[in-house]
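Please read the following report alongside the sequence and the coordinates.

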Amino acid sequence: QLVGSDQNSDLAVLKVDETGLTYAEFGDSDQLEVGERVCAIGNPSGLRLQSSLTVGYVSALGRTISSGGYAMECIQTAAINPGNSGGPLINAYGQVIGINSAKIAETDFEGIGFAIPITDAMPILQELIANGKVTGRAMLGITAQAVSASDAEYYQIPLGLWVVSVTPGSDIGAKGVREGDIITHIEGTPIYSLEACSSILSEYEPGDTVKVTVFRRESATRDNTFTIDVALSGS
């Protein structure tokens, strides 16, 4: 049974109606060091190769990986493939220290995988168990896409986040931000990507107020840039 899921972090909690199962012990991913041996368990190629174990090493820590514009600091390891994504990353003591999440699947790359550290995943999982969703994440109240360098040059507009839609009832909408505007700064920091936006907002809570700088093309001959105070909404 699905208890709850969080699309931003790519995490979910399932409930299994069964007794007598051996549960996994969680470790402390904050204590990991590069070079430690780790393994992943999963079902590459579906159930035909179920319960396969792959072994690798902690290649790096604190790698920023984004999912749908939400950035997380991940463990880089060589043990991930599509079949064991979502399974546990296990240390030499048999403790779960990460949740396998992604890999680089481009032609020129081989065996570069990423796992969400368990110390970062646990607060999200605990909230999913309690509420069925993550409720404490601060949001501007918009959907947006990054302005590419080519679009900025062609249209003579600044880099930033192009507002695709505004959430009904959001404070940013009440302050006049509308579709087509470009958010260039939050609290004076340039915002060139969705990841940069989520990184800044992670330092705030719903209800906090931030200064947002907005670029608007009023007409073919007139541009306008203004700054507003926006109360953040919650997920």
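Rings of Phe, Tyr and Trp (its six-membered ring) are taken to pair if their centres lie within 6.5 Å, and a pair counts as stacked when the planes are under 30 degrees apart, as edge-to-face when they are over 60, and as tilted for the rest. The model discussed here is predicted, so that local features need pLDDT of at least 70 and side-chain atom pairs count only at pLDDT 80 or more, while totals for chains, interfaces and linings use all residues. Residues are numbered from 1 along each chain as its sequence is written, and side-chain values use heavy atoms, with hydrogens and water left out.

**Aromatic rings**

The structure holds two aromatic pairs, and these ring pairs link Tyr 154, Tyr 155 and Trp 162 into a cluster.

| Aromatic pair | Centre to centre | Angle between planes | Class |
|---|---|---|---|
| Tyr 154 and Tyr 155 | 4.9 Å | 90° | edge-to-face |
| Tyr 155 and Trp 162 | 6.3 Å | 75° | edge-to-face |

For accessibility, buried means under 20% relative accessible area, exposed means over 50%, and partly exposed lies in between (1.4 Å probe, protein chains only). Tyr 154 is exposed because its relative accessible area is 66%, whereas Tyr 155, at 42%, is partly exposed, and Trp 162, at 22%, is also partly exposed.

Helices (H or I, at least four residues) and strands (E, at least two) are DSSP runs numbered from the N terminus. In helix H4, which spans residues 194–201, the buried residues are Cys 197, Ser 198, Ile 200 and Leu 201. They lie on the same side of H4, because they cover an arc of only 160° around the axis, where the arc is that of the directions from the helix axis to the C-beta atoms.

Asn 224 belongs to strand E15 (residues 222–231) and, with 25% relative accessibility, counts as partly exposed. When neighbours within four places in sequence are left aside, Asn 224 is in contact (heavy atoms within 4.5 Å) with Val 214, Phe 215, Arg 216 and Glu 218. The side chains of Asn 224 and Glu 218 are joined by a polar contact of 3.4 Å, a term for a pair of N or O atoms within 3.5 Å of which, within protein, one must be able to donate a hydrogen and the other to accept it, residues adjacent in sequence counting only if both atoms are side-chain atoms.

**The chain as a whole**

The protein chain comprises four helices and 16 strands, and 36% of its 235 residues count as buried. Among its contacts between residues at least 6 apart in sequence, 50% join residues at least 24 apart.
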